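My notes go below the structure.

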Amino acid sequence: MTPVSYFPHKNNEMYVEDIAVSDIAQHVQTPFYCYSSTAIETSFQEYQNAFISQDALICYAVKANSNQAVLATLAKLGSGADVVSMGEIRRAITAGIKADKIVYSGVAKTQEEIHYALSLGIFQFNVESEPELELISKVATSLNKTASIAFRINPDVCAQTHAKISTGKAENKFGVPISKARIAYKRAASLPGIKVQGVDVHIGSQLTSLAPFEEAYQRIAELVDELRADGHEISVVDVGGGLGITYLDEVIPNKQSYADLVKAQLGHLNCKIIIEPGRSLLGNAGILVSSVVFVKNGEERQFLILDAGMNDLIRPSMYEAYHQIIAVNKGANELKTYDVVGPVCETGDTFAKARQVHESDAGDLIAIMSSGAYGSVMSSSYNTRMLAPEVMVKGNEFAIVKKRPSYEEIIKQDIIPSWL
Ligand SMILES: Cc1ncc(COP(=O)(O)O)c(C=O)c1O
Ligand SMILES: N[C@@H](CCCC[NH3+])C(=O)O
């Protein structure tokens with residue numbers, strides 16, 4: 001799926017599925033996120049087909065986009081969920097994902113969260129440290145329950161991605177070092193309330209090559225052999241997420257070649273496979289639609305100032321991430337070079353520098369592509385800007401799936417103390 005697959009231009013006008021983006025913009029003030037339901041479904045089905053010959057469960061990484069409509073779309077197709085907080089568990093359950101399809105990752109699960117997950121009967125805790133293991137055992141014992149666990153293993157593999165989203169190097173905070181894994185499993189097997197069930201690994205996000213996956217999965221396969229030799233019953237391998245998407249022109253291995261790699265590296269173990277894709281399901285299924293507020297002629301540059309800012313989509317300022325920026329109505333306009341910026345009082349509130357966009361005027365609609373994953377979920381109301389609403393399209397229908405809050409709702413969250 002390319003950034004524009006589900007957002008094509010017809011007669012110079014951008015569509016999402018069968019609806020013109022400008023028609024939606026007439027009903028929903030910009031900025032807003034817009035998702036293609038068909039794109040999400042198709043991407044999920046591609047994973048299902050790719051893994052059809054394996055005993056695999058897709059546990060969508062809820063952090064990528066946790067909107068209820070997105071989760072319900074995936075739940076209907078049989079998806080499980082990879083969650084990292086009580087909030088994400090609640091979102092997944094509310095959208096119809098069954099507890100026995102939930103895997104719980106995250107480096108700092110609290111007692112309350114563990115209690116909640118145990119009471120629901122989730123499929124697996126992906127344990128990230130020995131202290132966390134001890135806490136899970138304590139809570140499980142107090143509830144007279146058994147927690148099925150896998151350790152998240154840190155294989156010390158370079159994911160060849162942006163440093164801020166690389167998670168599988170020894171220097172990263174994630175997981176148990178592979179060198180200490182056997183000791184950790186030994187401890188787990190000795191603890192009450194714990195059932196050793198699997199091994200988990202997730203080395204990073206936006207991977208554009210299969211080589212790092214291959215290296216990590218090879219190490220995991222060797223570890224499973226060792227753990228079995230130590231007497232542990234390992235029946236699940238959770239291979240994490242991380243497969244990248246095309247933002248500009250990256251050539252990403254397709255889902256089938258990823259599935260083939262998983263089979264080649266891990267198939268002989270006869271384990272149930274869990275995959276945790278996030279970005280590769282949602283990234284190119286969504287856009288951020290904004291309007292030009294002003295076109296400003298600087299001394300050296302021309303600025304296209306949008307009504308969307310870094311608070312709505314932080315990826316460009318946080319990771320220098322590239323997102324295509326496309327005029328919704330291209331008309332007969334020529335391409336011009338702009339710095340595309342937002343209204344927030346930060347120099348980092350820049351979506352792109354020296355970018356070619358069809359010549360635009362105040363009021364014109366601009367789409368920031370590939371914003372379906374790690375877009376809305378990472379937004380904030382910095383500068384007391386309202387969180388952007390979200391819209392989902394299916395064929396020629398659209399629905400607001402998250403509404404814009406009012407200023408009253410934002411301000412009433414603050415409390416002036418009685419003594420003031
Ligand atoms: C444990 C875990 N699983 C899955 C994912 C999803 O990753 P991605 O969106 O790259 O598929 C993440 C995020 O990187 C993660 O931390
Ligand atoms: N937030 C990151 C991805 C992080 C994945 C979570 N482990 C991004 O926007 O690229």
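These entries cover the annotated positions first, then the ligand.

**Entry 1: the record.** I am working with a predicted model. I checked UniProt for the feature "binding site". The unreviewed entry places it at Arg 279, Arg 315, Tyr 319, Glu 346 and Tyr 374. These positions spread over 96 residues of sequence. They are spread in space too, with up to 27.0 Å between C-alpha atoms.

**Entry 2: Arg 279.** I found Arg 279 in helix α10, residues 279–282. Is Arg 279 buried or exposed? I counted 24 other C-beta atoms within 10 Å, and 20 or more count as buried, so Arg 279 is buried. I then listed its contacts, leaving out residues up to four places away in sequence. Arg 279 touches Ala 64, Ser 205, Gln 206, Gly 244, Ile 245, Ala 373 and Tyr 374. Tyr 374 is itself one of the annotated positions.

**Entry 3: Tyr 319.** I placed Tyr 319 in helix α11, residues 315–319. Tyr 319 has 15 other C-beta atoms within 10 Å and is partly exposed. Beyond its neighbours within four places in sequence, Tyr 319 contacts His 162, Lys 164 and Ile 165.

**Entry 4: ligand 2.** Which residues surround ligand 2? I noted Lys 63, Ile 165, Ser 205, Gln 206, Arg 315, Tyr 319 and Tyr 374. I sorted this shell into three nonpolar, two polar and two charged residues.

**Entry 5: domains.** Where does ligand 2 lie relative to the domains? Domain 1 (9–36 + 283–411) and domain 2 (105–277) both give residues to the shell, so ligand 2 lies between them.

Methods
Residues are numbered from 1 along each chain as its sequence is written. Chains are lettered from A and ligands numbered from 1 in the order in which they are written. This is a predicted model: local features need pLDDT of at least 70, side-chain atom pairs count only at pLDDT 80 or more; totals for chains, interfaces and linings use all residues. UniProt positions are given in the numbering used here, feature names are shortened, and annotations may be inferred rather than shown by experiment. Helices (H or I, at least four residues) and strands (E, at least two) are DSSP runs, numbered from the N terminus. A residue is buried if 20 or more other C-beta atoms lie within 10 Å of its own, exposed if 12 or fewer, and partly exposed in between; C-beta atoms are placed from the backbone. Two residues are in contact if their C-beta atoms, placed from the backbone, lie within 7 Å. A residue is near a molecule or strand if its C-beta atom, placed from the backbone, lies within 6 Å of it. Ala, Val, Leu, Ile, Met, Phe, Trp, Tyr, Cys and Pro count as nonpolar, Asp, Glu, Lys and Arg as charged, and the others, Gly among them, as polar. Domain bounds come from an automatic or database domain assignment.
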